[in-house]
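Have a go at each task before you read its solution.

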Amino acid sequence: MIDLHVHSTFSDGSFSPEELVEMAVQSGLSALALTDHDTTDGVPRLLSASEASGIVGVGGVEISAEFAGGTMHLLGLDVNPAESALQEALARIRMGRGERNQQIVTHLNELGLALPWERVEPLANGGVVGRPHIAQAMVECGLVSSREKAFSRFLRRGGPAYAERFRLSPEEGIGRIRGAGGVPVLAHPFTLGLRFRKLRECVRELSAMGLQGIEVFYPEHGQERRAQYTELAKEFDLVMTGGSDFHGAANPAIHLGRGFGNVCVSDGILVALRDRVQRGDSS
Ligand code: AMP
Ligand code: ZN
Ligand code: FE
Ligand code: FE
């Protein structure tokens, strides 16, 4: 069993890469991909820890792409973190995040909620600061009773404190991942908010841009979604991937490797993924 979608303290997860590897070993996983939001900074640590523990480490990243209406996340699996065009794009995204975080805090202040930035930043421990950290700081400052309330009342997309941030176009996201030797994968396709027919058209377009994988196994995917995404994988010759999207404390119901207990990604998936890399640009 493997897990190809995991977050660490380098973004909004609560465990370090070393802790994740340790937990993966405990859970009997044979491979683990680190897919932090907008950064590969945790990848070298994941790779050395996994090498030392005898499991396979996979360098990865999760990039949010521009998509009207819904949320489009692209996983880049097996990317080379040293590739400079990818790093330049990720740096641009993180810069956009920085501006956006300040706008959210300003919005909160305008709404009469005094949230000092000094209470937010340390929560990321030097990693990428996201809305989950802002939500956590709001709880710690006594402005809301829970992180969920922080999102539902203020931080959700379209909420009163929300601010947009710079995202890559899907085409550029896919291109940067491919350029860094990685496999671009459409993560949790249901968050696009499309019915199946529209989703198929979207996946067709993404495939034409160079998409090579689709996340089929995922905690929020029941039988119907898995069947639909499997169909799309076959139609567009995409590798089927899967993972738990484990964050640790931010969502305690999700377990590494197993999601809600309904995820089980077989070792053969990683073999298929790596075959796809070998095949290169033939698609
Ligand atoms: P950001 O990347 O800063 O826009 O934050 C996105 C993260 O916020 C997601 O990965 C989720 O973990 C979390 N998130 C987004 N929407 C919600 C919500 N409605 N309730 C709780 N957490 C959310
Ligand atoms: Zn996250
Ligand atoms: Fe995601
Ligand atoms: Fe994720």
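Glu-201 is partly exposed, with a relative accessible area of 36% (buried means under 20%, exposed over 50%, and partly exposed in between, with a 1.4 Å probe and protein chains only). Before going on, note that this is a predicted model, where local features need pLDDT of at least 70, side-chain atom pairs count only at pLDDT 80 or more, and totals for chains, interfaces and linings use all residues. Residues are numbered from 1 along each chain as its sequence is written, chains are lettered from A and ligands numbered from 1 in the order in which they are written, and side-chain values use heavy atoms, leaving out hydrogens and water.

**Exercise 1.** Find the residue whose side chain meets that of Glu-201 in a salt bridge.

*Solution.* 
- Start with the rule: a salt bridge is a side-chain nitrogen of Lys or Arg within 4 Å of a carboxyl oxygen of Asp or Glu.
- The partner is Arg-204, at 3.1 Å from N to O.
- Helices (H or I, at least four residues) and strands (E, at least two) are DSSP runs, numbered from the N terminus.
- Last, check Arg-204: with 38% relative accessible area, it is partly exposed.

**Exercise 2.** Which residues are linked with Glu-88 in a network of salt bridges?

*Solution.* 
- Begin with Glu-88 and Arg-92, whose closest N and O atoms are 2.8 Å apart.
- These two are four residues apart in helix H3 (residues 84–110), so they too are separated by about one helical turn.
- Glu-88 has a relative accessible area of 36%, so it is partly exposed; Arg-92, at 29%, is partly exposed as well.
- Now widen the view: the network links Glu-88, Arg-92, Glu-172 and Arg-176.
- For the whole model, the count comes to 14 salt bridges.

**Exercise 3.** In the salt bridge of Arg-167 with Glu-164, is Arg-167 buried or exposed?

*Solution.* 
- The closest N and O atoms of this pair are 3.8 Å apart.
- Arg-167 has 12% relative accessibility, so it counts as buried.
- Glu-164, at 43%, counts as partly exposed.

**Exercise 4.** Work out why the arrangement around the zinc ion (ligand 2) is irregular.

*Solution.* 
- List the donors: Asp-12 (OD), Asp-12 (OD), His-37 (NE2) and His-247 (NE2), at 1.9 to 2.5 Å.
- Recall the rule: four donors count as tetrahedral if all angles lie between 85 and 135 degrees; four count as square planar and six as octahedral if opposite donors are over 155 degrees apart and all others between 65 and 115; anything else is irregular.
- The four donor atoms subtend angles of 53 to 134°, which makes this arrangement irregular.
- Finish with the gap between the ions: the zinc ion (ligand 2) and the iron ion (ligand 4) are 4.8 Å apart.
- Asp-12 and His-247 link distant parts of the chain, 235 residues apart, and both are buried.

Notes: Donors are N, O and S atoms within 2.8 Å of the metal (3.2 Å for Na, K and Ca); water is not among the atoms, so sites may look incomplete.
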